[in-house]
Amino acid sequence: MARRLTITPIDGREGVRAFFDTQAADYREAHGDEARLLRYRLSIIRQHARFAPDAAVLEIGCGDGRHLFGIGADIGRSVGIDLSPRMIEAARAKLKRSPSRGKLTFQVDAAEELTSLASGAFDLVFCVGALEHMLDHAAVCRSVWRILRPGGRFVCLTINGGHVWYRKFAPLLGIEMRRLSTDHFLTRTELVRLLQEAGFREVRSDAWTFVQRGDIPRFWAAALGIADAIGRLIRTTSLCGGLVIGACKESCAGLASDEQLVAHEAPPVEALQRETAEQGIGHEAGPGQRQGSADGGEQSGASIQLSR
């Protein structure tokens, strides 16, 4: 059966909070193999973040904490915040069994304010697939800038709102791509401008492979997988579903250079082509989950450096 995403009407922040509270008990990957996609996202985070063993790290929109648990051995003190109390409860339950429990904490907070966190307290802030659900992106950028130390960096993986699918084809075909009525997929230009207005310097952008396989008809999911492979092959971001942004507060000597951002730990284009052929147009997506903070995507191919 063809899959269609049903949009949920949202009225303000409390509506967003309530929606993700309902998702916390059944928080699973919808877009492919959960372990493989998590490894892929963690490889991107590690490449762009360049963790130091004593770094103080914050994840905004952390969901059940899966990314912080995945990098726990690489970093020092770390904090995960999420708007949803139920998501934080799920993260804390996992923390009790985690070897990182002595240096990792979770708390409820809104990324637009981060009222529970002191200014200049963190070396790194990252966000994976949650920014599109936040209501005030400019306020998020300002809050992240405030709590970073001089030289600290912000790494964000989000949906590429400049993708030709989101801009043209999905609206033309009447295919809804938003899970919440308040979702907004930023383009590279929009996000870079917001970060610069917040005070960030040396803003660089990159691409990662993201296909909402669990949210759209199977034919289009397969087509988008092929389009992403082509986009990486000919180095055009309008065909790449994911956007990665790295930004520094003041000078950031360790920010990856253009050449260093080109390759991720993922197979070449031919591997995705073989995988797509094996799956076929009738590939069945995984079970439903929170789109964004629980992250979709597809492990495949090198990333594309866009520009500063």
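User: A helix here is a DSSP run of H or I with at least four residues, and helices are numbered from the N terminus. In which helix is Arg-193 found?

Analyst: The model is predicted. Helix H7 covers residues 188-198. Arg-193 is found in H7.

User: Is Arg-193 buried, partly exposed or exposed?

Analyst: Buried means under 20% relative accessible area, and exposed means over 50%. The value for Arg-193 is 41% relative accessibility, so Arg-193 counts as partly exposed.

User: How far apart in space are Arg-193 and Ala-138, C-alpha to C-alpha?

Analyst: Along the sequence, Arg-193 and Ala-138 are 55 residues apart. In space, their C-alpha atoms are separated by 9.4 Å.

User: Within what arc do the buried residues of H7 fall?

Analyst: The buried residues of H7 are Leu-191, Val-192, Leu-194, Leu-195 and Ala-198. Seen down the axis of H7, they line one face of the helix, because they fall within an arc of 160°.

User: Which residues are exposed on the other side of H7?

Analyst: The buried residues of H7 line one face of the helix. On the other side of H7, the exposed residues are Thr-189 and Glu-197.

User: How many residues of strand E2 are buried?

Analyst: Strand E2 covers residues 78-82. Ser-78, Gly-80 and Asp-82 point one way from E2, while Val-79 and Ile-81 point the other way, and all are buried. E2 is largely enclosed by the rest of the structure, because the number of its residues that are buried is five of the five.

User: Why do residues of a strand point in two directions?

Analyst: In E2, Val-79 and Ile-81 point one way and Ser-78, Gly-80 and Asp-82 the other.

User: Over how many bridges does E2 pair with strand E3?

Analyst: Strand E3 covers residues 104-108.

User: Through which helix does the chain cross from E2 to E3?

Analyst: The crossover from E2 to E3 is a β-α-β crossover, and it is right-handed. The helix that it passes through covers residues 85-95 and is H4.

User: Which residue in E2 does Ile-60 stand opposite?

Analyst: Strand E1 covers residues 57-60 and pairs with E2 in the parallel sense over four bridges. E1, helix H3 (residues 66-71) and E2 also make a right-handed β-α-β unit. The residue in E2 opposite Ile-60 is Ile-81.

User: Which helix gives the most to the lining of the largest pocket?

Analyst: The largest pocket has a volume of about 190 Å³. It is lined by 13 residues, of which Tyr-166, Glu-176, Met-177, Arg-178 and Phe-185 lie nearest its centre. By class, this lining has six nonpolar, three polar and four charged residues. The helix that gives the most, with three residues, is H6.

User: What separation do the C-alpha atoms of Ala-170 and Trp-220 have?

Analyst: Ala-170 lies in H6 and is buried, with a relative accessible area of 2%. Ala-170 and Trp-220 are 50 residues apart along the chain. Their C-alpha atoms are separated by 9.6 Å.

User: What is the phi of Glu-202?

Analyst: Most residues other than glycine have a negative phi. Glu-202 lies in strand E6 (residues 200-208) and is partly exposed, with a relative accessible area of 36%. Although Glu-202 is not a glycine, its phi is positive, at about 50°.

User: What is the phi of Arg-235?

Analyst: Arg-235 is in the loop between helix H8 (218-234) and strand E7 (242-249). At 46% relative accessibility, Arg-235 counts as partly exposed. Arg-235 is not a glycine, yet its phi is positive, at about 60°.

Conventions:
Residues are numbered from 1 along each chain as its sequence is written. This is a predicted model: local features need pLDDT of at least 70, side-chain atom pairs count only at pLDDT 80 or more; totals for chains, interfaces and linings use all residues. Side-chain values use heavy atoms; hydrogens and water are left out. Buried means under 20% relative accessible area, exposed over 50%, partly exposed in between (1.4 Å probe, protein chains only). Helices (H or I, at least four residues) and strands (E, at least two) are DSSP runs, numbered from the N terminus. Two strands pair if DSSP finds at least two bridges between them. A crossover is right-handed if, with the strands pointing away from the viewer, the path from the first strand over the helix to the second runs clockwise. On a 1 Å grid over the protein atoms alone, a cavity is a set of points where a 1.4 Å probe fits but cannot get out, and a pocket is an open set with protein on both sides within 12 Å along at least five of seven lines; lining residues have an atom within 4 Å of a point. Grid points are joined across faces, edges and corners, and a volume is the space filled by probe spheres set on the points. Ala, Val, Leu, Ile, Met, Phe, Trp, Tyr, Cys and Pro count as nonpolar, Asp, Glu, Lys and Arg as charged, and the others, Gly among them, as polar. The arc is that of the directions from the helix axis to the C-beta atoms.
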